[in-house]
There are 2 protein chains.
Amino acid sequence: MSSKKLENMIVKMVKEAKKASQSMALVKTSAKNTVLRKMAKALVANTDYLIRENKKDLKAGAAKGLSSALVDRLTLNEKRVKGMARCLLDTVAIKDPVGGIIETIKRPNGLVIKKVRAPMGVVGIIYESRPNVTSDCVGLCLKSGNSVILKGGKEAFYSNKAIYSILRKALKGSKIPPEAVQFVSTTDRAAVNILLQQDEYVDLIIPRGGEGLIRFVADNTRIPVVKHYKGICHTYVAKDADLKIAQAVCFNAKVQRPGVCNAMETMLVHKNCAARFLPKMIKVFQEAGVEIRGCPGTRCIVKKGVKAATLKDWSEEYLDMILSVKVVNSLKEAIDHINTYGSRHSDAIITRDKKQADQFFKSVDSACLYVNTSTRFTDGFEFGFGAEVGISTDKLHARGPMALEGLTTYKYEIHGKGQIRQ
Amino acid sequence: MSSKKLENMIVKMVKEAKKASQSMALVKTSAKNTVLRKMAKALVANTDYLIRENKKDLKAGAAKGLSSALVDRLTLNEKRVKGMARCLLDTVAIKDPVGGIIETIKRPNGLVIKKVRAPMGVVGIIYESRPNVTSDCVGLCLKSGNSVILKGGKEAFYSNKAIYSILRKALKGSKIPPEAVQFVSTTDRAAVNILLQQDEYVDLIIPRGGEGLIRFVADNTRIPVVKHYKGICHTYVAKDADLKIAQAVCFNAKVQRPGVCNAMETMLVHKNCAARFLPKMIKVFQEAGVEIRGCPGTRCIVKKGVKAATLKDWSEEYLDMILSVKVVNSLKEAIDHINTYGSRHSDAIITRDKKQADQFFKSVDSACLYVNTSTRFTDGFEFGFGAEVGISTDKLHARGPMALEGLTTYKYEIHGKGQIRQ
């Protein structure tokens with residue numbers, strides 16, 4: 001496709017989506033839920049077609065020598081199609097945020113000011129190789145009253161297109177205008193750049209994928225982006241920590257699922273409890289297969305099998321069975337370490353002292369702060385939101401796990417009886 | 001100053017401010033209020049000094065031939081110094097948002113998740129010629145627990161520097177670290193570009209000034225910016241409007257203060273009431289000195305003194321005694337007009353019909369929507385917020401009038417008793 005033709009295609013798409021978003025704001029919850037249920041049914045009914053189209057992607061991937069991890073993410077089978085349908089039905093069950101009244105202000109002059117939750121408008125999703133993102137995001141965006149523009153990775157092109165075509169067909173005869181769901185039907189990378197320029201029509205971009213993709217999106221658009229680049233999460237074992245709790249929580253934070261953004265990457269230990277805590281803790285980690293990289297203080301206490309941590313280790317997101325360990329002299333030093341090397345995602349303190357926990361909460365500049373529990377809980381489902389669009393380490397708009405509310409904005413509705421300003 | 005030296009100066013400044021912001025998060029409300037009161041007192045005590053420094057700016061301005069409007073904005077006198085002090089005392093009276101609990105979630109596993117308001121961190125203010133912005137913003141940023149970096153316009157350099165030096169001196173011996181207030185002490189425009197690159201240290205930029213400044217800031221930074229470019233506000237007189245209310249409200253929205261962003265620029269009138277409403281309304285406007293630019297439908301009803309509106313008029317922010325008028329066939333046409341030509345700031349409908357008002361509220365994509373009252377009420381003080389940092393037409397974070405809460409973010413504080421994720 002010529003670059004002019006590509007641009008025309010995308011501009012047409014975002015304009016249609018914007019127009020559709022005005023109707024979307026009026027669609028009732030029950031009508032949205034009906035559509036989501038119909039979509040879930042249609043996906044399952046078309047399982048064979050989806051698996052057939054997915055095979056095209058898998059074949060192209062094999063020819064290109066994709067890694068087995070990537071092939072796994074890309075693969076659709078009966079179970080995964082059912083999972084996609086299930087996610088749509090889960091979204092039906094989540095409370096519709098649109099129209100919710102956040103605050104009502106009554107003014108002395110009789111004006112009634114309502115702060116009301118409203119859809120964002122048009123949400124763009126730019127994602128990589130997981131085809132389920134297509135249906136998950138369509139469900140979440142429609143439920144929150146938004147139009148959605150999908151731009152998936154080229155590895156999953158046929159799978160995404162097939163899912164999209166089924167979802168869009170399900171809109172027929174519904175209260176949701178079909179133009180509310182748009183799919184950028186090209187593998188041309190230039191399409192992303194053109195989409196990122198549509199700040200007049202697109203209200204929010206959510207990139208789903210690796211740090212490279214997220215940085216590219218954030219660096220190349222004026223459209224607001226909700227994102228986190230990475231998760232370098234810490235657990236600080238304070239001098240008065242319950243060491244049994246410390247051991248259980250640290251083990252969970254590192255080992256339960258090391259490849260995710262809320263797993264612990266660095267453990268900080270106060271010098272006063274290091275000699276009691278570290279030998280047993282490190283042994284447990286090593287038995288589980290965790291490689292330990294320690295500061296000089298750590299290696300002075302435990303010599304066996306502990307590599308020397310370099311400066312680089314403190315800002316590394318391993319996403320693997322590796323842990324850096326540092327002995328610190330004070331709570332203040334722990335806080336400074338986290339604010340210097342952390343990623344403002346999730347950090348924990350293990351302490352019996354409410355005052356120390358409070359100082360940790362106030363001074364660590366992260367989205368989620370924990371006392372006596374595991375950073376692994378940073379998750380929309382674990383927080384009880386019923387869904388997760390992503391996790392944000394930004395400070396404006398959504399921070400931490402982001403669900404349906406994060407896909408909405410608010411407006412002020414002011415009710416008068418002819419009042420004028422003096 | 002060499003560009004390297006300038007960069008070093010600004011990087012040092014933002015690093016200091018970031019460090020100070022960690023202490024700021026711990027400062028109690030009473031300590032913040034004490035500082036603000038001390039600042040107010042110091043400003044008044046130094047009135048002579050401030051007026052003397054201000055004269056340097058006025059002299060330079062006269063030599064450059066500044067417009068009388070600009071000279072007026074720039075001028076400090078006893079009354080205005082008292083006004084600055086008053087604004088600081090008003091800020092004392094506003095509720096401190098920091099530490100406020102937005103929501104508490106109790107999970108089945110016993111975790112208690114608190115969503116708590118927290119300072120943003122470091123706020124940068126980039127502003128033009130009004131010296132009072134210096135003290136107003138220092139007060140608002142400190143009260144909300146933030147460090148603040150001030151970069152004022154060169155026309156007010158000596159005035160701003162004098163105000164800053166008094167405020168910073170007032171921090172001596174207080175609980176607020178002096179590094180929490182920083183002033184970019186140069187008139188070199190390059191300083192703005194360097195400041196806009198400090199996304200690692202600055203959490204939020206608020207530009208205060210004309211559309212040119214705001215666009216420059218938004219286009220040249222990755223730091224989040226809260227802003228509105230302009231206000232093209234509409235009032236739509238629906239077919240069933242109370243025409244007495246319509247006349248009073250439209251007159252107020254246009255004439256009470258035409259030079260501000262929440263004044264009406266375009267009046268839309270349903271065809272069914274246009275013949276009854278327009279002749280009298282336009283006469284009243286014309287008697288007040290308002291120039292009317294009408295669509296063909298308007299000019300068919302009122303011929304005398306109504307200029308023909310061009311396409312350009314629908315997207316013009318006059319900020320003056322000029323009004324464009326359009327007769328529309330339906331509520332839908334009014335909504336489409338506003339969404340096409342408006343600025344997403346403030347728009348009103350005059351109607352007796354709750355259903356029409358509701359459709360207007362849901363379908364018009366603006367920050368503030370009014371029924372039967374004037375768009376002039378879009379204002380932090382009129383909303384009862386006690387202050388106004390600015391008005392935002394963005395959809396993320398703060399929308400509409402923005403006060404102290406807009407200078408905060410939130411964090412999740414999760415309290416556990418050793419829970420781990422299964």
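I began with strand β11 (residues 322-328) of chain B, which is mostly covered, since six of its seven residues are buried. I keep in mind throughout that this is a predicted model.

I then looked up the strands that pair with β11(B). Strand β8 (residues 264-270) of chain B pairs with β11(B) in the parallel sense over five bridges, and within that pairing I found Met267(B) bridged to Val325(B). Strand β9 (residues 291-294) of chain B also pairs with β11(B) in the parallel sense, over four bridges, and here Glu291(B) has Ile322(B) as its bridge partner. I noted beside this that strands of a sheet pair through backbone hydrogen bonds, either parallel or antiparallel.

Next I turned to an open sheet of four strands in chain B, with the order β5-β4-β3-β6 and parallel pairing. Which strands stand at the edges? They are β5 (181-183) and β6 (204-208) of chain B, each of which has a single partner strand, so one side of each is left without a neighbour in the sheet. Neighbouring strands of this sheet are turned by 20 degrees against each other on average, direction ignored. Inside the sheet, I followed strand β3 (residues 122-127) of chain B, which pairs with strand β4 (residues 147-151) of chain B in the parallel sense over five bridges, one of them joining Ile125(B) to Leu150(B).

I also checked which helices lie across these strands. Helix α1 (residues 3-24) of chain B lies across β3, β4 and β5 of chain B and runs at about 150 degrees to β4(B), while helix α7 (residues 157-170) of chain B lies across β4 and β5 of chain B, at about 155 degrees to β5(B).

My last entries concern the two chains together. I found 54 residues of chain A in contact with 54 residues of chain B, and the element that gives the most to chain A's side is β16(A), with seven residues. By class, that side has 24 nonpolar, 18 polar and 12 charged residues. A pairing crosses between the chains as well: β13(A) and strand β16 (residues 408-415) of chain B pair in the parallel sense over four bridges, with Tyr370(A) partnered by Ile414(B).

How are the copies related? A rotation of 180 degrees with 0.0 Å of shift along its axis superposes chain A on chain B, with an RMSD of 0.1 Å, which is the relation of a two-fold axis. In chain A, the C-alpha nearest the axis belongs to His397(A), 2.0 Å from it. The same surface serves both copies, as 100% of the contact residues of chain A recur in chain B.

Conventions: Residues numbered from 1 in each chain as written. Chains lettered and ligands numbered in written order. Predicted model: local features only at pLDDT ≥ 70, side-chain atom pairs only at ≥ 80, totals over all residues. Contact = placed C-beta atoms within 7 Å. Helix = DSSP H or I, 4+ residues; strand = E, 2+ residues; numbered from the N terminus. Nonpolar A, V, L, I, M, F, W, Y, C, P; charged D, E, K, R; others polar. Pairing = 2+ DSSP bridges. Buried ≥ 20, exposed ≤ 12 C-beta atoms within 10 Å, placed from the backbone. Least-squares fit on C-alpha atoms with pLDDT ≥ 70 in both. Axes fitted to C-alpha atoms, helices over the stretch in contact; angles between N-to-C directions.
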